[in-house]
Amino acid sequence: MHVRVGIKTMALFLATLVAVVTFSACAANQPSDESISPSAGRTIQHGMGETIVPQTPERVVVLWSAVDTLALGVKPVGAVLSEPPQIGGDELTPMFSDRTEGIVAVGSYAQPNLERIVELQPDLILGITGVESFYPHLSQIAPTVIVDISGGVAAWKEYVLSWATALGKPNEAQALIQQYEQRIAQFHQAMGDRLNTTVVSVARFGTDQVRIYQKDSFPGAVLAEAGLLRPESQQRNNHDETISLESLSSIDGDVLFFVQDDPDESALAKAQESQLWSQLDVVQRDQIHEVSVETWFLNLGIVSAHMMLNDLFRTLVPDGEQYVIHQVGELPLP
């Protein structure tokens with residue numbers, strides 16, 4: 001096992017080294033934070049320090065989901081693929097494939113393709129903490145802003161604002177957040193007394209495991225703002241927990257929202273074969289609703305928050321379709 005890990009690590013190192021050598025040879029023609037004077041740009045404080053960025057970036061590479069960027073009216077020239085790969089394949093975000101056409105895939109969040117980023121000649125690179133090791137290389141290519149997300153998912157709105165500020169779109173982001181908060185209040189009113197009695201469970205079925213999602217997850221944060229109760233097993237201050245089929249009672253509730261990473265090879269089929277499945281109250285009430293893995297788990301941000309609210313209105317509120325929105329900022333929803 002140690003030999004395999006060593007080979008994999010060495011391969012990753014060599015791939016990165018090749019990319020670094022390649023872009024270093026081209027970097028002289030690339031914009032960087034050093035090429036922008038303070039009077040011609042904007043100074044952004046971020047997770048890796050201070051960077052001067054263009055007043056109006058025109059060629060943006062995002063090392064995270066491109067969805068929120070599109071909602072803010074900026075179409076990046078490059079973005080990373082959805083994770084995990086079996087969900088998105090070679091598409092940036094299948095749900096919005098019509099809007100991401102022409103955006104070049106620049107590797108994955110964990111392993112951005114430096115050589116491809118160089119070829120795109122960006123004037124701004126946006127990322128989040130987790131790619132710090134690439135920052136010295138990225139900042140040679142173009143002004144690079146790394147949004148610090150160490151505050152946990154509860155601070156997701158702050159991350160959206162930081163992201164938008166780097167793009168020069170803070171007012172647009174603030175408007176979308178304000179709209180979201182107004183819709184949260186609308187949801188509270190529409191639910192009425194049922195808000196205090198409706199227990200919502202969230203589960204994700206992988207190929208060979210089942211996960212429940214707890215308070216420190218993005219669904220957990222949005223459901224908390226929506227004022228909904230959670231099963232006891234999902235009230236812990238964790239992101240998620242893997243459960244066995246013998247512990248299916250952990251996904252019980254009044255309503256179950258679930259996703260499948262790969263419907264053709266999903267642990268859901270095994271769960272449904274279990275006698276414990278038919279004994280769940282949520283199954284007997286037929287209150288099981290499949291939702292999009294892209295919305296609930298991958299494209300985390302203001303667009304997904306609005307789309308989650310759409311799911312809650314449609315599922316939990318009588319005549320809830322009247323509260324559903326079909327566009328977030330500049331991005332029409334599927």
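I began with the sheet: five strands form an open sheet in the order 10-9-8-11-12, and the pairing is mixed. I looked at the edges next. Strand 10 (240-243) and strand 12 (288-290) stand there with a single partner strand each, so one side of each has no neighbour in the sheet. For the twist I noted an average of 30 degrees from one strand to the next. The model is a predicted one, and I read the entries below with that in mind.

Strand 8 (residues 200-205) pairs with strand 9 (residues 210-213) over three bridges, in the antiparallel sense. Within this pair I found Phe205 opposite Val210 in strand 9.

I looked up what covers the sheet. Helix 13 lies across strand 8, strand 11 (255-260) and strand 12, and it runs at about 135 degrees to strand 11. I checked the length of helix 13 (residues 302-316): its 15 residues reach 21 Å from the first C-alpha to the last, close to the 21 Å expected. I also checked burial, taking under 20% relative accessible area as buried. In helix 13, 13 of the 15 residues are buried, so the helix is largely enclosed by the rest of the structure.

I closed with figures for the whole chain. I counted 13 helices and 14 strands. Of the 334 residues, 50% are buried. Among contacts with a separation of 6 or more, 67% join residues 24 or more positions apart. The accessible surface comes to about 15700 Å², and carbon and sulfur atoms hold 49% of that surface.

Key
Residues numbered from 1 in each chain as written. Predicted model: local features only at pLDDT ≥ 70, side-chain atom pairs only at ≥ 80, totals over all residues. Heavy atoms only, no water. Helix = DSSP H or I, 4+ residues; strand = E, 2+ residues; numbered from the N terminus. Expected span 1.5 Å × (residues − 1). Buried < 20%, exposed > 50% of the residue type's maximum accessible area, 1.4 Å probe, protein only. Contact = heavy atoms within 4.5 Å. Areas by Shrake-Rupley, 256 points an atom, 1.4 Å probe, with all protein chains shown as cover. Pairing = 2+ DSSP bridges. Axes fitted to C-alpha atoms, helices over the stretch in contact; angles between N-to-C directions.
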